[in-house]
Amino acid sequence: MLLLAYVRNLELHCAYDAFTRAQDYGFKLSLTSCNPLLSALAKENKIGDVEYVYKEMIKRRIQPNLYTFNILINGLCRAGKLTKAEDVIEDMKAWGISPNVVTYNTLVDGYCKRGSAGKMYKAEAIMKEMLANKIYPNEVTFNTLIDGFCKDENVLAAKKTFEEMQMQGLKPNVVTYNSLINGLCNNDKLEEAVDLWDKMVDFGLKPNIVTYNALINGFCKKKMMKEATKVFDDITNQELVPNAITFNTMIDAYCKEGMMDEGFALCNSMLDEGIWPIVSTYNCLIAGLCRKRDLRAAKELLNEMENKGLKANVVTYNILIDGSCKDGKSRNAEKLLNEMFNLGLKSNHVTYNTLMDGYCMEGKLKAALNVRARMEKERKQPNVVTYNVLIKGYCKIGKLEAANGLLNEMLEKGLNPNRTTYDIVRLEMLEKGFIPDIEGHLYNISSMS
DNA sequence: CTAGGGTTAG
């Protein structure tokens, strides 16, 4: 039917439209069309639409099945609505449908994702719950946990999970090794990552492009460009093809090293390999030019990118805004914010925080507070970074009372100070002989790290 | 028709 065709062509607006009007047109909706639509909407992170379609299904007496619930849970997890996702488990049981290993794995993954850092205990709790329900963890469950622990900077727990998985008689696969190698690279354990690579090969597993990208990133983070290049060159020897991420990783590293020529050269060689640079490729280069305080070249590259049919995104503008701010031209940065607004691009927390930081560094607290007001008008609540930026701004101009006021405001809102907050408070406030009202909290902060 | 891995911004 029509709806399914739209979903296949990823014309979700049309699919959604067809869905809402199906009844008027006398179409009978069925599970075989609703589930793919839900799945596509979930993958596009359109959780509102997912929930709407689900509710309509129920209203129209289309019986959801296991897939429907798994898709729904996946969508809710992607949107960070984890408690709601957990509630769905109860809903499905009420429908007489038992959760399966995919259901639980999806939830475990929800708690393992970057956005929910520090929630690994919840992921482990879900795993216990699945065991209590006699659903047994598989490779995916363990891989998800390993990745979660790595992203939580807990490599030790990741390694223990790796052992545990083998004790349960499950064999680590390429994804397992990729997660762990990547985790080791991102947690300053490059040598162990290389050892694990060798081990993986010994076990007869072939590294794929993701493995290569992870290790290249590891060398790049250590500024070992020679080694990174060696790994990069090895890709083609293995009948593998580098992709845009491979190139982006290398290009970004060169740009961060200030080696712009090498970065541009790689960008050009992408085309020779038949790989098209993507927006993020340009973003790396634009960021490199901004670091060199060459805003003009950065803007020119933005134009060049757009001439090639690539549309700038929020990250592009965040980079340019940051570049202008660091160049001491926060007013120009605010013009960029307006420009992105006119282009219909949605700004995010990073955008506003960056601009506020720019004004604060220039000592223009009033302008920074105006940005905050603008952000709140967009219904974006200040986050920890917002407070860090403003607190640092007040410290810089010596208004410690005001800084302390913001500190307490943030605590009252239930926002958890992070390491940066602590550094600002300790360095900028305590050392100036000002005792913040939050001594108790400070103790908590220091014991946290 | 449902679950896991790699790059980029504050």
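**Reading a protein–DNA surface**

Helix 11, residues 174–186, contributes six residues to the surface near DNA strand B, the most of any element. The model is predicted.

Trainee: How is burial to be read, and what share of the residues of chain A counts as buried?

Mentor: A residue is called buried when its relative accessible area is under 20%. In chain A, 47% of the 449 residues fall in that class. The accessible surface of the chain is about 23,500 Å², and carbon and sulfur atoms account for 52% of that area.

Trainee: Which residues come nearest to DNA strand B?

Mentor: A residue is taken as near the strand if one of its heavy atoms lies within 4 Å. There are 46 residues around DNA strand B, and Asn70, Asn143, Asn178, Asn213 and Asn243 come nearest. By class, this surface holds 25 polar, 13 nonpolar and eight charged residues.

Trainee: Which parts of DNA strand B do the atoms within 4 Å of the protein belong to?

Mentor: Of those atoms, 43% belong to sugar or phosphate, and the rest to bases.

Trainee: Where do side chains make polar contacts with bases, and where with phosphate?

Mentor: One looks for pairs of N or O atoms within 3.5 Å. The side chain of Asn138 places an N or O atom 3.0 Å from a base nitrogen of DNA strand B. For phosphate, an N or O atom in the Lys256 side chain is 3.3 Å from a phosphate oxygen of DNA strand B.

Conventions
Residues numbered from 1 in each chain as written. Chains lettered and ligands numbered in written order. Predicted model: local features only at pLDDT ≥ 70, side-chain atom pairs only at ≥ 80, totals over all residues. Heavy atoms only, no water. Polar contact = N/O pair within 3.5 Å; in protein donor to acceptor, adjacent residues only side chain to side chain. Helix = DSSP H or I, 4+ residues; strand = E, 2+ residues; numbered from the N terminus. Nonpolar A, V, L, I, M, F, W, Y, C, P; charged D, E, K, R; others polar. Buried < 20%, exposed > 50% of the residue type's maximum accessible area, 1.4 Å probe, protein only. Areas by Shrake-Rupley, 256 points an atom, 1.4 Å probe, with all protein chains shown as cover.
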